[in-house]
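I opened the notebook to log a few look-ups in this structure. The entries follow in the order I made them.

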Amino acid sequence: SEGSTTQSINVTTLGSYAVTVTNGGGCSGTSSPTAVTVNPLPVPVITASGPLTFCIGSSVTLTSSPSTSYLWNTGETTQAITVSNAGNYFVSLTDGNTCSATSTTTVISTNSLPSPTITAGGPTTFCQGGSVTLTSSAASTYLWSDGSITQAITVSSSGNYSVTIGNGSGCSATSSATTITVNTLPTAIIIPGGSTTFCQGGSV
């Protein structure tokens, strides 16, 4: 019915197909039509719950468009997956007609965290009235546990001091605490053993 004159044809489009055959005696007959149904392929689309580039330690959820079954290149078979590692992610969908298709690749990138350290400019245990300067390793931003935002702070009170630094990628990390101990001063008192007013030749 589509004009071919061979015994068999290959069809790829939706429609009804019939054939008219003629025998050696010149007699012809036409078959009943055969209906061909072509089901469309699924169209897999990945949606991310947040940025595709983030700091190490964070994650993003990748969600596939709805289908009957899912197979991610990670091996997971759920509609959504949560990823925390850099890499290429894609999903293959199979619909109710057993038609399959694979999504385009979603690329995830991660930025490294800074490594904050604190250097003390002197002893971290000293007497009341003294102080010490604490200096952070270099970074783009600083936030000390006492609220300071400079690279170095001078402290004169006992406590645990830490700093959160940020790098150029917007990633941040907090240092371990540096403990400062301030010892109180002794109280000096003189107790006279007698009168502090006396005649020459006396003593106290």
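Predicted model: local features only at pLDDT ≥ 70, side-chain atom pairs only at ≥ 80, totals over all residues.

Which residue is the bridge partner of Val-132 in strand 18? I found Val-155.

Residues are numbered from 1 along each chain as its sequence is written, and side-chain values use heavy atoms, with hydrogens and water left out.

I traced an open sheet of three strands, order 14-16-18, with antiparallel pairing. Strands here are DSSP runs of E, at least two residues, numbered from the N terminus; two of them pair if DSSP finds at least two bridges between them. Strand 14 (118–120) and strand 18 (152–155) are the edges, each pairing on one side only. I counted four bridges between strand 16 (residues 132–136) and strand 18.

Disulfide. I found one in the structure, taking a pair of cysteine sulfur atoms within 2.5 Å as the cut-off. Cys-55 is joined to Cys-171, S to S 2.1 Å. Cys-55 sits in strand 6 (residues 53–55) and Cys-171 in the loop between strand 20 (163–166) and strand 21, so the bond ties together parts 116 residues apart in sequence. The S-S torsion is about -100 degrees, so this disulfide is left-handed.

Burial. I used under 20% relative accessible area for buried, over 50% for exposed and partly exposed in between (1.4 Å probe, protein chains only). Cys-171 is buried at 0%, and Cys-55 is buried at 18%. Cys-127 is partly exposed at 47%.
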